[in-house]
Each structure stands twice: as structure tokens, then as C-alpha cells.
Number of protein chains: 2
Amino acid sequence: MAKKIARNQSVAIPEQTESVTLIDVARVAGVAPMTVSRALHRPELVRSDTARKVREAVRATGYVPNMLAGGLASSKSRLVAILLPTIANSIFADTVQALMDGLTASGYQTLLGLTGYSTAREEELVEAILGRRPDGIVLAGTSHTEATIKRLTKGKIPVVEIWDLTDKPIDMVIGFSHEQVGAEVARHLIRKGYQRFGVISVDDPRGLRRCRSLINELASHGKTNVPFEVLQAPATLQGGREGLSRMITSGCPEVVVCSSDTLAQGVLAEAASRGLNVPGDVAVMGFGDLSTAAHVYPALSTVRVDGATIGKNAAAALLARFAAEADKDQVAVRMDTGFSIIDRESA
Amino acid sequence: MAKKIARNQSVAIPEQTESVTLIDVARVAGVAPMTVSRALHRPELVRSDTARKVREAVRATGYVPNMLAGGLASSKSRLVAILLPTIANSIFADTVQALMDGLTASGYQTLLGLTGYSTAREEELVEAILGRRPDGIVLAGTSHTEATIKRLTKGKIPVVEIWDLTDKPIDMVIGFSHEQVGAEVARHLIRKGYQRFGVISVDDPRGLRRCRSLINELASHGKTNVPFEVLQAPATLQGGREGLSRMITSGCPEVVVCSSDTLAQGVLAEAASRGLNVPGDVAVMGFGDLSTAAHVYPALSTVRVDGATIGKNAAAALLARFAAEADKDQVAVRMDTGFSIIDRESA
DNA sequence: CTGTTAGCGCTTTCAA
DNA sequence: TTGAAAGCGCTAACAG
């Protein structure tokens with residue numbers, strides 16, 4: 001196996017591998033270190049030809065600023081942490097993508113942590129992440145351990161809880177009511193005239209709340225004994241298939257409601273493999289990113305709750321909150337969600 | 001809007017908000033700062049009752065170590081950066097999840113960067129990320145700008161390029177040949193007896209290479225003029241639908257090969273909505289995470305290339321490389337991939 | 001096993 | 001507009 005070329009070459013030029021510091025740049029540019037720092041971060045404070053000299057020195061030396069040192073001195077890390085249950089097949093993917101795009105554009109870097117739907121794990125991650133002194137923390141959900149809440153509440157860094165609502169946010173919240181979502185869906189389906197329902201969910205807390213609320217609302221309309229299959233999180237296509245398979249043993253419902261789009265995809269696959277016509281034999285409803293789902297099923301129905309849209313819009317709202325960091329009051333921006341259903345009218 | 005409760009309360013206890021340092025902990029524990037540092041990071045170096053005193057002091061003070069300071073002093077950041085094209089519907093999701101799980105378990109935190117398939121953007125991100133002095137960098141792909149390569153080559157931090165192969169890796173590579181993948185698939189399908197093919201890809205570089213190689217190999221078996229639809233990255237279900245729609249105008253192929261599983265899902269959806277039987281009327285082939293796909297299509301065929309498996313196994317290999325950081329030779333671990341196809345035998 | 005000394009590379013604060 | 005001094009909070013290296 002060949003030796004690493006570049007590394008060996010660099011050995012031939014002794015000491016040039018030693019990392020270049022701001023002081024080296026200053027020496028080359030013929031100015032004080034502080035002037036280099038200013039030229040780099042607040043160029044409007046130095047004369048333009050000084051700035052030019054510095055820029056050239058930076059290029060000549062191959063200087064890369066050390067943000068650990070900078071952060072330590074200034075207590076600003078330009079780092080935002082995002083904590084999510086999971087990234088695979090995730091209902092959060094779009095939110096995260098948009099959020100990261102915005103943060104990157106604003107010069108922030110993103111530390112990602114995966115909690116696997118465990119608040120204990122979230123606590124550990126928060127603990128560890130706090131050590132990096134992030135300039136902001138985004139948490140999925142509003143349910144956390146006591147320790148997490150305590151740590152985050154007493155700190156002075158902005159915290160945004162997303163994808164849920166609560167009366168006592170740690171700091172800011174952008175989300176919607178999963179209970180309201182479930183109830184809204186139930187009413188929509190009843191209006192459509194469906195009689196026999198089936199519900200499939202993974203055991204993530206928010207998905208379960210949506211589904212339970214749905215079932216309650218159905219019950220209050222006289223539709224009881226709704227089959228309810230719960231699968232292990234995270235949502236997979238296979239989960240959707242299995243859910244439908246199990247459910248179908250006790251007769252096929254007219255409409256199957258899923259806790260997420262991924263599950264709904266799986267139900268579609270299973271239906272196809274059983275020769276069931278969608279929506280002729282069974283209608284299927286998902287939950288998640290409308291911007292994707294709406295395109296996939298051209299004739300789908302959409303159920304709306306509240307005022308904006310999950311995904312990009314929510315992320316935009318979130319960024320706006322970060323921008324208005326000065327405002328230290330509690331804030332709750334409501335986030336809307338979309339549902340996709342392949343139902344009778346879209347046949 | 002209510003004032004933030006906790007923040008106001010903490011105002012009542014002046015100065016306690018000022019961040020606790022290691023020196024404070026040392027004072028409370030009645031030891032030297034260095035001893036606190038040791039007790040925290042290398043407890044085996046201090047007497048157990050000293051460690052206990054320190055632990056109590058940490059709890060009493062609510063101390064959170066400042067990793068910026070620690071990193072600066074030790075030049076170890078316990079940070080690993082991962083750069084990917086995208087996170088949404090991503091073929092990388094599983095790799096990333098497994099990788100992060102492993103890294104987190106080993107005490108590393110993960111900085112995520114999204115390049116959107118742009119090497120220029122990758123370059124900017126690398127530049128910025130290097131400022132954080134990560135202990136390792138993972139890059140998707142082996143195609144980078146000159147500047148990126150230069151920066152990464154001369155640095156002393158481990159770099160792992162994944163999901164592709166190359167003769168001149170920056171440091172380490174874990175991947176497979178996309179050309180070989182394409183050719184292998186072509187031969188597999190020809191062995192199966194298919195005559196009329198269709199190919200749908202998004203315009204991501206690796207997907208295109210797989211598809212082009214497939215088409216070349218088909219040509220060398222006398223199958224020319226294979227319909228080839230290219231859609232804009234990233235892959236979406238809608239893209240798959242559109243791809244099949246366009247393709248079908250010039251007659252339905254016996255088998256449609258897609259550059260990713262997401263696209264294949266879309267093709268399935270479109271086929272269903274057109275009343276096409278899969279695999280009776282048209283077989284569909286995806287590419288990506290076998291562990292998911294294999295479960296979804298129980299009777300699928302599998303095509304293998306090389307030796308391991310994309311996803312969790314690849315991530316494990318990757319972590320092993322990090323662990324063996326001492327070995328500074330070039331390394332190329334080959335990574336195998338799986339294909340899923342719903343074809344005639346699985347009818 | 002524990003403590004002391006001297007920075008890590010940058011920015012804040014003040015002075016020029 | 002620029003510079004000098006004094007740390008930020010921690011750990012390496014050595015001494016005890």
C-alpha cells in the first residue's frame with residue numbers, strides 16, 4: 001500500500017506544516033495581529049490598502065482562522081445545534097435541510113445530534129453540546145427531562161423547540177398541536193363519508209398523539225373499535241406493509257390513516273402487492289411534507305391546521321426568530337401541517 | 001406575551017449566572033484546577049476520593065466544561081465533520097445515521113454540511129469547517145475542487161472519502177465503483193432475459209455514472225437506443241413518476257432501472273396510478289439501502305458488487321479506520337452495494 | 001497522586 | 001485607523 005504522497009512531501013519542507021497563526025499573517029503583512037483580526041472580521045474598520053495587504057498575507061500563508069481560539073476569546077461560537085429523533089426516512093428532513101441552508105448562509109455551522117426518540121439520550125447530547133457553547137439550540141419536540149429543561153432554562157443561549165406546542169416553552173416554540181391535527185383529519189374523513197377506518201402509527205410520541213386524537217374524534221362521531229396498529233419507530237416502508245397486512249386480517253378498511261408519509265408509502269406498496277386498488281379498494285392517508293406528497297398524488301385532498309407550512313416555511317420562521325434574538329420574551333409561532341390522502345375523488 | 005420566567009428569576013440571584021469555570025470547581029472541591037481536569041477526563045489518574053470530591057463540586061456548581069478552551073489547549077476538538085450532497089430522501093441517510101451513532105458512542109460530535117452536489121459549495125464548507133479543527137472529515141464522493149484537495153491534503157487531519165473509489169484518495173477511501181455497479185446490473189438483467197430497457201436517473205454525478213455504465217454495457221450486448229430520462233437532483237417520488245410518464249410515451253419497457261430507491265418508489269406509484277402491474281407489465285429496479293429495500297420487496301433479486309454492504313457496515317468500516325488513526329498509509333476499503341428489483345420471478 | 005507554570009490563538013479593551 | 005496589554009478557560013509538561 002502506497003505511502004501518503006503529500007504527507008511525505010511536506011516532511012521535506014520542515015516547519016511549514018506547523019499551523020499558521022494570525023501572528024504569522026500579521027508578520028507577513030507587516031501589521032499588528034489585532035489589525036489582521038479586524039481586517040478579517042470587520043474590514044470596514046481598517047484602511048482598504050491595509051485590508052488588501054492582509055488578504056494577500058492570508059493567501060500567501062494559507063492561514064485558516066482557529067475558531068476555537070476565536071470562540072474562546074469572544075464567547076461566540078457561530079454554531080447552532082439541532083437535535084432530532086432520527087434522520088432516516090425522517091419527517092424532519094425537509095425542515096432540517098431548509099434550516100441548515102439558512103444557517104449556513106448566515107455563517108453558522110450546524111452540530112447535529114440524534115436522540116432516537118429518547119429524552120435521556122437528548123439530555124446527554126444537550127450536556128455534551130453545551131460544552132461547545134453553541135449560539136443556539138433547536139430541539140424537536142417539547143418533551144424533555146427535568147435536567148435538560150433546567151440546563152437550558154438557566155443558560156442564556158436561545159432555544160427553539162419545534163414540531164410541537166406547549167404552554168411552558170423553554171424559550172421559543174414553533175409548532176402545531178398534534179391533537180388538533182388528529183381531530184381535524186377525523187372530521188375531514190367523516191365529511192368525506194368514510195365509514196370503516198384503520199390507523200397505523202409508529203411508536204413515536206407525536207405520531208401516537210396524532211393517531212389517538214384521531215381515534216377519539218372518530219369515537220365522538222360514533223365510529224368506535226377502529227383498528228389501530230402500532231409499529232416500532234422509526235417509520236419504514238416495511239412497517240407500512242406490515243401494518244396493512246396485520247390490519248387486513250380483520251377485514252379491509254375503506255381508509256387507512258398513517259402517522260407518516262413513509263408508512264403510507266409502505267401501505268401503498270403492500271396494497272399493490274395484494275392487488276388492492278388505491279383508492280378504489282382502500283384510500284390511504286399520510287402525514288408530513290406536503291410539498292413532496294402533493295406532487296406525488298395529484299388528486300390528493302389536503303387538510304390544513306393553523307397558518308403556515310411544515311418544512312421550508314417553518315424553518316424560515318425559525319431563522320427569523322434567531323435573527324430577532326434581542327427579543328427575549330416567550331414566543332410561539334404556529335406551524336401548519338399538510339396531509340395527503342389518496343381518496344375516492346382522486347380515483 | 002409573558003416575560004421569560006426563569007431568566008427573570010435568575011436575575012434575583014446576581015452573579016450566579018456568570019458561567020462556572022474549572023477554577024470555581026477546583027475552589028469548591030479544595031483541589032487544584034489541574035486535578036479537576038484530570039478527575040474529569042482521566043479519573044484513573046486521581047485517587048477515588050479526590051474524584052468523588054470533584055464530582056460533587058461539579059454537581060454543586062453546575063459546571064459545564066468549555067470545550068472551546070479545552071480544544072484550544074489540547075488541539076483536540078472531538079468533532080467530526082460530515083459533508084453530504086443532501087439529507088432529504090437521501091441514499092446516505094443510513095450511512096450517516098450509523099456513522100453518527102458510532103461517533104457519538106465514542107464521544108465525538110458531528111458537524112454536518114450539505115453541499116447540494118456542488119464542489120464549489122463543498123470547498124466553502126471545508127474552508128469554514130477547518131477553522132473548527134475537526135479531528136476528522138468525511139466527504140461524500142471523490143470529486144473535489146483543487147483548492148479542497150490542497151487544503152485537505154496538506155493538513156494533518158484524517159479524511160475519509162466515501163461512496164466512491166479513486167486512485168488518488170486524499171487520505172482514506174471507502175467506496176465502490178459506480179461503473180462496475182452499472183455494468184453488473186446490465187449483465188444481471190440480460191441474464192434474466194429482459195429485452196426492452198428503460199433508465200431513469202437524477203443528475204447527480206454518481207447516479208449518472210451508474211446509469212451510463214449500465215447503458216454502455218447493454219450496448220455491448222446489442223441492446224441500443226435505451227430510453228434514458230434524467231431528472232433534476234435531488235431524487236423525489238415525483239421525479240420517479242415523471243420519469244416513467246415521459247418514458248412510457250414511446251412504449252413501456254419491460255424493466256425500468258432507477259438511479260435510486262426514491263426514484264424507484266415514484267415509478268411504482270406512477271405504475272400503480274396507470275394500472276400497470278409490477279412486475280407483470282413492468283419490472284422496477286432501485287439502488288440504495290438493501291436492508292430497507294430487501295424487506296419491502298420480499299421476492300426481490302439482489303446483485304452484488306465487491307465485498308461489504310453500504311449503510312451500516314460501511315459506517316463500521318469507516319469508524320474502524322478512524323480508530324486506526326495511527327496508520328497513516330493510504331487505505332481503500334471497498335464497499336459493496338445492493339440492488340433491489342421487482343422482476344418476473346417475484347411476481 | 002497532585003500542584004505549578006506557561007501557554008494554546010484569538011479578541012476585548014483601552015490608549016495612541 | 002492602528003497597536004499593546006491582558007486575558008478567555010483549559011491542558012501539556014514538568015516538578016514535587
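In this predicted model, 25 residues surround DNA strand C. The closest are A:Leu22, A:Ser37, A:Tyr63, B:Arg38 and B:Thr50. Of the atoms of DNA strand C that come within 4 Å of the protein, sugar and phosphate account for 64%. DNA strand D is likewise surrounded by 25 residues. The points below start at the DNA, then turn to the chains themselves.

**Contacts with DNA strand C**

- A:Leu22 uses its backbone: an N or O atom there lies 2.4 Å from a phosphate oxygen of DNA strand C.
- A:His41 uses its side chain: an N or O atom there is 3.0 Å from a phosphate oxygen of DNA strand C.
- A backbone N or O atom of B:Ala73 lies 3.3 Å from a base oxygen of DNA strand C.

**Contacts with DNA strand D**

- The closest residues to DNA strand D are A:Thr35, A:Thr50, B:Leu22, B:Ser37 and B:Tyr63.
- Sugar and phosphate make up 66% of the atoms of DNA strand D that come within 4 Å of the protein.
- A:Thr35 reaches a phosphate oxygen of DNA strand D with a side-chain N or O atom, at 2.3 Å.
- A:Arg47 has a backbone N or O atom 2.9 Å from a phosphate oxygen of DNA strand D.
- B:Ala69 has a backbone N or O atom 3.3 Å from a base nitrogen of DNA strand D.
- Near DNA strand D, the elements that give two or more residues to the surface are α3 and α5 of chain A, with α3 and α5 of chain B.

- An unreviewed UniProt entry lists residues 20-74 of chain A as "domain: HTH lacI-type".
- Over residues 20-74, chain A is 71% helix and 0% strand. The end C-alpha atoms of this stretch are 20 Å apart.
- A:Asn66 caps the N-terminal end of α5(A). A side-chain oxygen of A:Asn66 lies 2.8 Å from the backbone nitrogen of A:Leu68.
- A:Ser75 follows α5(A) and has a positive phi, near 45°.

**Strand β3 of chain A**

- How many of the residues of strand β3 (residues 136-140) are buried? The count is 5 of the 5, so the strand is largely enclosed by the rest of the structure.
- In a regular strand, side chains alternate between the two faces of the sheet.
- Both faces of β3(A) are covered. A:Gly136, A:Val138 and A:Ala140 are buried on one side, and A:Ile137 and A:Leu139 are buried on the other.
- Strand β1 (residues 79-84) pairs with β3(A) in the parallel sense over 4 bridges. Here A:Ala81 stands opposite A:Ile137.
- Strand β4 (residues 159-162) also pairs with β3(A) in the parallel sense, over 4 bridges. Here A:Val160 is the bridge partner of A:Val138.
- β3(A), helix α8 (residues 146-154) and β4(A) make a right-handed β-α-β unit.

**Cysteines**

- The whole structure has 0 disulfides over all chains.
- A:Cys211 is in no disulfide, and the nearest cysteine sulfur, that of A:Cys258, is 8.2 Å away. A disulfide needs two cysteine sulfur atoms within 2.5 Å.
- A:Cys211 is buried, at 3% relative accessible area.
- A:Cys252 is partly exposed, at 24% relative accessibility.

**Backbone details**

- The peptide bond from A:Ala233 to A:Pro234 is cis, with omega near 0°. A:Pro234 is in the loop between β7 (228-231) and α11 (237-248) of chain A.
- In chain B, a cis peptide bond joins B:Ala233 and B:Pro234, with omega about 0°. B:Pro234 is in the loop between β7 (228-231) and α11 (237-248) of chain B.
- B:Tyr117 is not a glycine, yet its phi is positive, at about 65°. B:Tyr117 is in the loop between β2 (109-114) and α7 (119-130) of chain B, and is partly exposed at 28% relative accessible area.
- B:Asn225 is not a glycine either, and its phi is positive, at about 55°. B:Asn225 lies in the loop between α10 (205-220) and β7 of chain B. Is B:Asn225 buried or exposed? At 75% relative accessibility, B:Asn225 counts as exposed.

Note on methods. Residues numbered from 1 in each chain as written. Chains lettered and ligands numbered in written order. Predicted model: local features only at pLDDT ≥ 70, side-chain atom pairs only at ≥ 80, totals over all residues. Heavy atoms only, no water. Buried < 20%, exposed > 50% of the residue type's maximum accessible area, 1.4 Å probe, protein only. Pairing = 2+ DSSP bridges. Right-handed = clockwise from strand over helix to strand, strands pointing away. UniProt positions renumbered as here; feature names shortened; annotations may be inferred. Near = heavy atom within 4 Å. Polar contact = N/O pair within 3.5 Å; in protein donor to acceptor, adjacent residues only side chain to side chain.
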